[in-house]
Amino acid sequence: MHDPSVVDLSRLQFALTALYHYLFVPLTLGMSFMLAAMETVYVVTRKSIYKQMAQFWGKLFLINFALGVATGLTMEFEFGTNWSFYSSFVGDIFGAPLAIEGLMAFFLESTMVGLMVFGWHKLKAGQHLAVTYLVALGSNLSALWILVANAFMQDPAGAHFNPATMRMELASLPQLIFNHDAQAKFVHTSIAGYVTAAIFVAGVSAFYLIRHRHTELARRSFRMAALFGVLATAGVITLGDALGFIGAQAQPTKLAAMEGLWKTEKAPMPFNLIAFPSQKDETNHGQIQVPYVLSLLVTHSTDGTVPGVDVLKKNAAARIENGIPAVEALQKLSADPGNSQAMAQFKAHEDDLGYGFLVQRYAPDVSQATPAQIQKAAKDSIPEVAPVFWSFRIMVALGLAMLAFFVMAVIYTMRNNVQHKRWFLKIAVWMIPVPFLANEAGWVVAELGRQPWTVYGMLPTWMSASTHSLGYMIFSIIGFVALYTAFIIVEMYLMVRAIKQGPTPIDSQPTLGGNDNPALAHAEA
Amino acid sequence: MKTFLYFLLFMFLAVIVIAMAVILGDTGAWYFAWLIGTTMIVLIAAAGGMLLDAQDDHAAEEAAEREATAS
Amino acid sequence: MDMYAILQVTWWLLLGVLLIGLATMVGMDMGVGTILRYVGRSDIERRVALNIIGPHWDGNQVWFILGGGAVFAAFPLIYATAFSGFYVVMLLLLWSMIMRPLGFEYRSKIDNPRWRNVWDWALFISGFVPMIVFGAAIGNLFRGVPFQFNWNLTSTYTGSFLGLLNPFAILCGVLSLCLSVYMGSVMLMNRSEGDIHARSRGLARLASLLSIVLFAIGGIWVHAMKGFVRTGGPLAGTAQTPLQQSVQLADGAWLSNFNAHPVLWLVPAIGFAALICGHLAAAGNRSHLAWWLGALSWLGVIGTAGVALFPFLLPSVSHPAQSLTVWNASSSQLTLTWMLGFALVFVPLVVWYTSWAFYVMRGKVSAEHVASDEHAY
């Protein structure tokens, strides 16, 4: 059976590789559209400074893009290598968006990125602009399909369990795609990428403005980033709220963890601004509350209420008891698919199959499960509150800080005097790490808050992992850590170096022209 | 001080806009909103860049005029 | 045959198409990585070689990613069982492959011989290792892999890492490496001049010759191998798990499909014919033709393996009855239908814009222009 420490190490490895991958993805999502915006101005006005901007930021984009692609390879295969049972149990549903992502989005993005880099001399200006837009569209469509897949893990819509194949199967692709969680999460994540890129461009531009280098490029970049960023930040906050609202219905345990809500309270519920949750005592040791706000935030009304951990645990225990006969019946069906009595028993209890699996961790023969084991499994159904609670607050606080920053940035840049506000420019440089931190915190809220499930309410994490030996897991984690550490050092070095070097002067660039003459074409690769 | 008041005003406006969007769209057609929103964000950023050029030209003209009247 | 069985076979064929696409396109880039240090003696020569595939490697690599995604979507049990069973090999594959994007993007960013030398070796490893692993994985399918399922289809792999590196698997790995070197060489021939062209031409001739020999040895070897035969279980096109069938091992059973349908002998024949013609085309400097013949060789080689194994996808040597087949490892009818729809729309689209990208970037790449272009790798 599953060794718990192997499951824990598999989780650690997935978290490390996913969080690492997610350092590079948001910048790609946003930067591609910023490049498109800059190049649009170039094509409209034909001012060469905008071409220089598109090429300079494009260079930084590519340094980041390479690591995003490289670490994305790991993600595509890690479900199979380390989450074998998960992959076979939900592959019928989960595999589809991943494959569609490759077909529809990643091919487009990757083919076009080659032309974006090498095509400056070979494509007409309008064609090249179209290529840049396709890169942006492709990378964001990639995010769409990945988040459709992720939303299935959060809220398994459009799927059912098929005892004949012992796995979950697709019931409706449109339901999977138009899952509310998928819709809100895609937009939230995609434009969080826009914010990341805007902060990055604004910060690097501020660095130049402080040093009076490349002022013309930096002023224009800062202006575009400020406008891009202020709109995107407002969008991220709106969608973040929508996501909370949707999640409150689909994943009450995640919401309880995010808000440190141990006891179910009457409406209007107060919001825990700061609290120190204790998983062991199931209470907060010290908290600062704001009245009314939680009801407003999660139910958008003053008389709404959501269940706390106490009620959720009680519900889970009941569902576990109801799920046990489903697991028993399934075991009989596995040996004899034609057993109609077992099928009838399974049908009567199938809604709680996942909860039956939850207790199987402690009682491999579920029919022998004791009340104490059921209580233990019910306690498991609540995610680790403190890290989810704090990550959520960090994400929200950083989001609000970025909104304030961008509002200020817009005021200064629209007055065209940001280049004289050195204190503000310094803040802008220091803002660069902020969106990255917020992105990572967001991942922690979404995925740690989903525990103990890989597919919410259907498949517990403890049985999803591959049955590797401890040695294999230690080997692979050491390998990933060593490789990824080396990569980030190289990437940061090249990024800082490229920023210090700055853009290539305009006059040293070859002229752009639509070159359709094959005799000349070879002259310019 | 004036800048700070502007900042407060715009922050207030931003919060109002976000609150309105929140109330309008609990489970909205977000994919559609993304299409519209992204187009808008890209175009407004592009327009902002062009506006900067216009502002520069305008400032240069004013400077030239001042010089002309001064001489 | 009912609709579900037709869909399963269709997806088996599509998987073949994807593998051929992967081998042709990614294999070509990996071949260039493998031979980079041989065809390029100086830094500028290596840069020319890299810039020939520079605009395309990223798009080509998606064939590899799509291969993973398509196996996941169409045959989830294969994805789950094979990737976790081949754990250490998969890690070596991944770790070598993730060096590749960095090799391309970062190598020429710094003008320092030691820096570039490190990345040249990284590109060599990320060309050489994945192609060996790719071939060896297919080779292992012929021998079967030691794995088993429990009642709820949790798979456990009971073999060792070294068990995957058996002689037949290594033969298949070297064959796949030779084919990739051939493809990389003819691509370089097509877009380079002078010394790089001459060295590539020599390599293309050598690699095609070796491929012919290895393919022939592999064929003879398979005659003497024990193959798997499905002797009972649920019919094709019914929902089933791998716990319900019976399978036996028999000498020479991998040839039973060919013996039952002699027309299938055309598939290996295409492989041999394409390799021989490819060898001649490379010798005659017809690099464009040689490239297409190389793609056809992949079709022959991968097609031969697929036909021999059908309907098996991943035989279990320790529990033959639990072997994975097209019938018991595929996705549901609804998923296969949707995925087929997406494939019918998007695969032609992908082929179209990939061709356009190659058309835009056509022509010879020369040292002067690599040196003068700041966007070059």
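Student: Of the two pairs of chains in contact, which share the most contacts?

Tutor: Contact means heavy atoms within 4.5 Å. Chains A and C share the most contacts of the two pairs of chains in contact. Before going on, note that this is a predicted model: local features need pLDDT of at least 70, side-chain atom pairs count only at pLDDT 80 or more, and totals for chains, interfaces and linings use all residues. Residues are numbered from 1 along each chain as its sequence is written, chains are lettered from A and ligands numbered from 1 in the order in which they are written, and side-chain values use heavy atoms, with hydrogens and water left out.

Student: What separates chain B and chain C?

Tutor: No contact joins chain B and chain C. Their closest C-alpha atoms lie 20 Å apart.

Student: How many helices and strands does chain A have?

Tutor: Helices (H or I, at least four residues) and strands (E, at least two) are DSSP runs, numbered from the N terminus. Chain A has 18 helices and six strands. Its radius of gyration is 26 Å, close to the 24 Å from the globule rule for 525 residues, so chain A is as compact as a globular protein of that length. The radius is taken over C-alpha atoms, and the rule is 2.2 Å times the number of residues to the power 0.38. The C-alpha trace of chain A spans about 80 × 60 × 40 Å along its principal axes.

Student: What share of chain A is buried?

Tutor: Buried means under 20% relative accessible area, exposed over 50%, partly exposed in between (1.4 Å probe, protein chains only). In chain A, 66% of the 525 residues are buried. Look at sequence separation too: among contacts in chain A with a separation of 6 or more, 78% join residues 24 or more positions apart.

Student: Which residues of α8(A) are buried?

Tutor: They are A:T253, A:K254, A:L255, A:A256, A:A257, A:M258 and A:E259. That is seven of the eight residues of the helix (residues 252-259), so α8 of chain A is largely enclosed by the rest of the structure. Just after α8(A), A:G260 takes a positive phi of about 60°.

Student: Where do the axes of helix α3 and helix α4 of chain C stand relative to each other?

Tutor: Two packed helices are described by the angle between their axes and the distance between the axes. Axes are lines fitted to C-alpha atoms, for helices over the stretch in contact, and angles run from 0 to 180 degrees between N-to-C directions. The axes of α3 (residues 57-74) and α4 (residues 76-85) of chain C come within 4 Å and cross at roughly 120°. That makes α3(C) oblique to α4(C). For the classes, under 35 degrees counts as roughly parallel, over 145 as roughly antiparallel, 65 to 115 as roughly perpendicular and the rest as oblique.

Student: Which residues make the contact?

Tutor: From α3(C) come C:G68, C:V71, C:F72, C:A73 and C:A74; from α4(C) come C:P76, C:I78 and C:Y79. The contact of α3(C) with α4(C) has seven nonpolar, one polar and no charged residues. Here Ala, Val, Leu, Ile, Met, Phe, Trp, Tyr, Cys and Pro count as nonpolar, Asp, Glu, Lys and Arg as charged, and the others, Gly among them, as polar.

Student: How many bridges join β3 to β4 of chain A?

Tutor: Two strands pair if DSSP finds at least two bridges between them. Six bridges join β3 (residues 271-278) to β4 (residues 283-290) of chain A, and the strands run antiparallel. A:F271 stands opposite A:V290. The hairpin has four residues between the strands, and A:E282 takes a positive phi near 50°.

Student: What does A:K379 touch?

Tutor: Leaving out residues up to four places away in sequence, A:K379 touches A:Q279, A:K280, A:E282 and A:K313. A:K379 lies in helix α13 (residues 371-380) of chain A and is partly exposed at 36% relative accessible area.

Student: How many bridges join β1 to β2 of chain A?

Tutor: Four bridges join β1 (residues 159-162) to β2 (residues 167-170), again running antiparallel. A:F161 stands opposite A:M168. Four residues lie between these strands, and A:M166 in the turn has a positive phi of about 60°.

Student: Where is A:H214, with its positive phi of about 45°?

Tutor: A:H214 is in the loop between α6 (180-210) and α7 (215-250) of chain A. A:H214 is not a glycine, and it is partly exposed at 27%.

Student: Which peptide bond is cis near A:P452?

Tutor: The bond from A:Q451 to A:P452 is cis, with omega near 5°. A:P452 sits in the loop between α16 (433-448) and β5 (453-455) of chain A. In chain C, a cis peptide bond joins C:F310 and C:P311, with omega about 0°.
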